[in-house]
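Here is a short report for a reader new to this structure. Please look through the sequence and the model, then read on.

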Amino acid sequence: MKKIILLIAIFFIGLNSYTQNNDRFYATMALQDAHELQNDQPGEIQILAERGNEAAVYMSETAAEALHGRILVHGPGYIFKPSADAAIESLERIVNRDNSRIAFTITEDVAVLQAINLVNVQNIEDHIIELENYGSRYHTFGSATQAAMDLKTKWEDMAALHGRTDVSVRLYNHSNTQMPSVIMTIEGSEFPDEFVIVGGHLDSTSFQGNNDAPGADDDASGIATITEAARVLFESGFVPKRTIEIMAYSAEEIGLVGSQEIAQEYGSNNVDVTAYVNFDMTNYNGSGNDVYFITDFTDGSLNTFLMELMNHYNSSGSHMFTYGTSVCNYGCSDHASWNNEGYMAAFPFESSFGQHNPNIHTANDTFSFIGTAEHAAKFSKLCAEFLIETAKSDGQLAVLEVDSNVYEIYVSNNTLYYEFNDYEADISSVVIYDLVGNTIMTLQDPDNQGAINMNHLASGMYIANFTTDYSEVVNKKVMVR
Ligand SMILES: [Zn+2]
């Protein structure tokens with residue numbers, strides 16, 4: 001009881017001092033940061049309540065900037081709240097959600113390799129530059145809303161190009177910002193009510209003035225990364241069993257506003273979100289490893305699964321890249337919004353803490369500072385691996401498949417035999433891949449019936465990919481002993 005009275009007293013002092021000032025807002029942040037800010041700049045921040053390691057505060061834009069400078073993190077470092085009540089209540093809130101229902105497994109080698117073989121660095125580069133060219137995507141600017149509307153069109157066109165009738169794209173309108181978020185939905189064929197989600201933020205900011213906030217790495221790179229991952233799912237014909245959603249958030253830079261409103265809606269409706277993975281800054285290669293899994297405010301078993309995916313798909317060969325772990329502190333990006341709702345969330349980041357792109361939140365966060373999208377392409381592959389292995393293939397391809405009655409493919413004495421008899425199309429190519437995506441052998445325009453000697457190959461599993469001149473495909477796992 002004593003504590004409640006104290007809270008109310010602090011709350012009224014705060015309210016009386018600051019209600020006239022539009023420049024101030026409510027938020028939650030790490031308690032230690034709140035105390036340090038209050039010591040440094042007592043006029044800029046009021047602590048309304050404390051609980052555990054968290055504080056509810058009423059703070060100024062000046063304090064927000066000081067916080068960013070202090071904790072050396074790329075995100076805001078606080079979570080915006082629309083009212084004092086909302087800030088204080090969020091400290092008290094405990095969300096219990098049962099995350100034990102999914103067993104993460106790796107079973108989709110064929111679909112994953114087909115998809116990640118298609119990741120195209122140039123597409124990512126072009127998309128980053130396209131977003132940078134808005135000049136600023138600061139959430140109150142018309143150019144930010146335009147960027148959201150244009151992204152919706154881009155995603156719709158991408159799905160239409162591949163004839164996807166299972167895909168829809170919507171703008172999500174918010175209460176605390178005029179800029180909408182964008183959500184693409186690929187409806188699951190078997191479990192449409194189970195959601196596998198990836199996202200990143202579309203808005204940008206600059207402490208040098210929001211008129212010039214190109215936000216190329218932060219976070220055009222993340223949007224381009226998840227867009228390319230979705231595109232390779234479409235091009236490879238992947239049809240998910242669970243529903244996949246790709247999200248581009250508004251207003252992350254002012255305290256995770258966009259993702260928070262969406263995650264809260266999903267949470268209060270008890271939407272069954274299997275897992276969420278965040279892509280915010282993917283293109284600056286600043287540390288010894290490629291991908292750094294953020295271990296605070298994320299889920300340990302989901303992080304482990306993402307590492308297992310990389311052990312399986314990215315430990316050697318043409319798709320090889322490495323990982324480490326790091327921490328990112330309070331409110332550092334949109335994964336926190338999902339984590340706060342009790343969902344499993346992860347955040348693979350471009351470098352270790354403090355070694356990320358030094359130009360973010362300035363006019364110099366441009367594509368030309370890095371000059372290639374090679375680093376981001378690794379994250380597109382990881383994103384596709386996560387989406388395919390978590391949503392699972394429904395076994396059919398959206399691209400045309402050869403009727404399984406008209407062919408036979410098998411291995412005997414390490415020789416691959418194939419027959420496409422009574423079949424009107426011709427085989428245009430046979431490609432043998434290993435399980436990490438290396439092309440081992442390619443035959444152009446072979447006969448419709450033949451035998452391929454695989455004796456010289458190392459023993460293990462391979463994928464034989466047959467394509468016909470009707471653009472139909474057959475993929476078959478084959479074992480060499
Ligand atoms: Zn960011």
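Glu408 stands opposite Glu419 in strand β17. The model shown here is a predicted one. Strand β16 covers residues 408-412 and pairs with β17 in the antiparallel sense, over five bridges. The two strands form a hairpin with two residues between them. In this hairpin, Asn413 takes a positive phi near 50°.

Strand β17 spans residues 415-419, and its side chains alternate. Leu416 and Tyr418 point to one face and are buried. Gly450 in β20 is the bridge partner of Tyr418.

**The six-stranded sheet**

Next comes an open sheet of six strands with mixed pairing. The strand order is β5-β6-β9-β7-β10-β13. β5 (167-172) and β13 (345-346) stand at the edges. Each has a single partner strand, so one side of each is left without a neighbour in the sheet. Inside the order, strand β6 (residues 181-186) and strand β9 (residues 242-249) pair in the antiparallel sense, over five bridges. Met247 in β9 is the bridge partner of Ile183. Helix α9 packs on this sheet and touches β5, β6, β7 (191-201), β9 and β10 (272-278). The direction of α9 makes about 150° with that of β9.

Helix α9 runs over residues 257-268 and holds Gly258. Is Gly258 buried or exposed? Gly258 counts as buried, because it has 32 C-beta neighbours inside 10 Å.

**The three-stranded sheet**

An open sheet of three strands has the order β12-β11-β14. Its pairing is mixed. The edge strands are β12 (323-326) and β14 (348-349), and each pairs on one side only. Strand β11 (residues 291-294) and β12 run parallel and are joined by four bridges. Tyr323 in β12 is the bridge partner of Val291. Helix α10 (residues 300-313) lies across β11, β12 and β14. It runs at about 165° to β11.

In helix α4 (residues 84-92), the residues Ala84, Ala87, Ile88 and Ser90 are buried. Seen down the axis of α4, the buried residues fall within an arc of 155°, so they line one face of the helix.

Ala64 is found in helix α3 (residues 61-71). It is buried, with 26 other C-beta atoms within 10 Å. Not counting residues up to four places away in sequence, Ala64 touches Met59, Pro76 and Tyr78. Phe141 is found in the loop between α6 (121-132) and α7 (142-161). Why does Phe141 count as buried? Phe141 has 20 C-beta neighbours inside 10 Å, and a residue is buried if 20 or more other C-beta atoms lie within that distance.

**Separations**

| Pair | Apart in sequence | Apart in space, C-alpha to C-alpha |
|---|---|---|
| Gly258 and Glu125 | 133 residues | 25 Å |
| Ala64 and Thr185 | 121 residues | 34 Å |
| Phe141 and Thr295 | 154 residues | 34 Å |

**Core and confidence**

The largest nonpolar core has 133 residues. Those with the most contacts inside it are Ala27, Val57, Cys383, Ala384 and Leu387. Leu387 touches Val196, Val198, Ala229, Leu233 and Ile244, not counting residues up to four places away in sequence. In soluble globular proteins, nonpolar side chains tend to be buried together.

The mean pLDDT of the protein is 89. Of its residues, 91% reach 70 or more. Over residues 1-21, pLDDT stays under 50. For residues 1-21, the model has 15 contacts beyond four places in sequence. Where pLDDT is low, the predicted coordinates should not be read in detail.

Key. Residues numbered from 1 in each chain as written. Predicted model: local features only at pLDDT ≥ 70, side-chain atom pairs only at ≥ 80, totals over all residues. Buried ≥ 20, exposed ≤ 12 C-beta atoms within 10 Å, placed from the backbone. Pairing = 2+ DSSP bridges. Contact = placed C-beta atoms within 7 Å. Axes fitted to C-alpha atoms, helices over the stretch in contact; angles between N-to-C directions. Arc of directions from axis to C-beta. pLDDT = per-residue confidence, 0-100. Core = buried A, V, L, I, M, F, W, Y, C linked by C-beta atoms within 7 Å.
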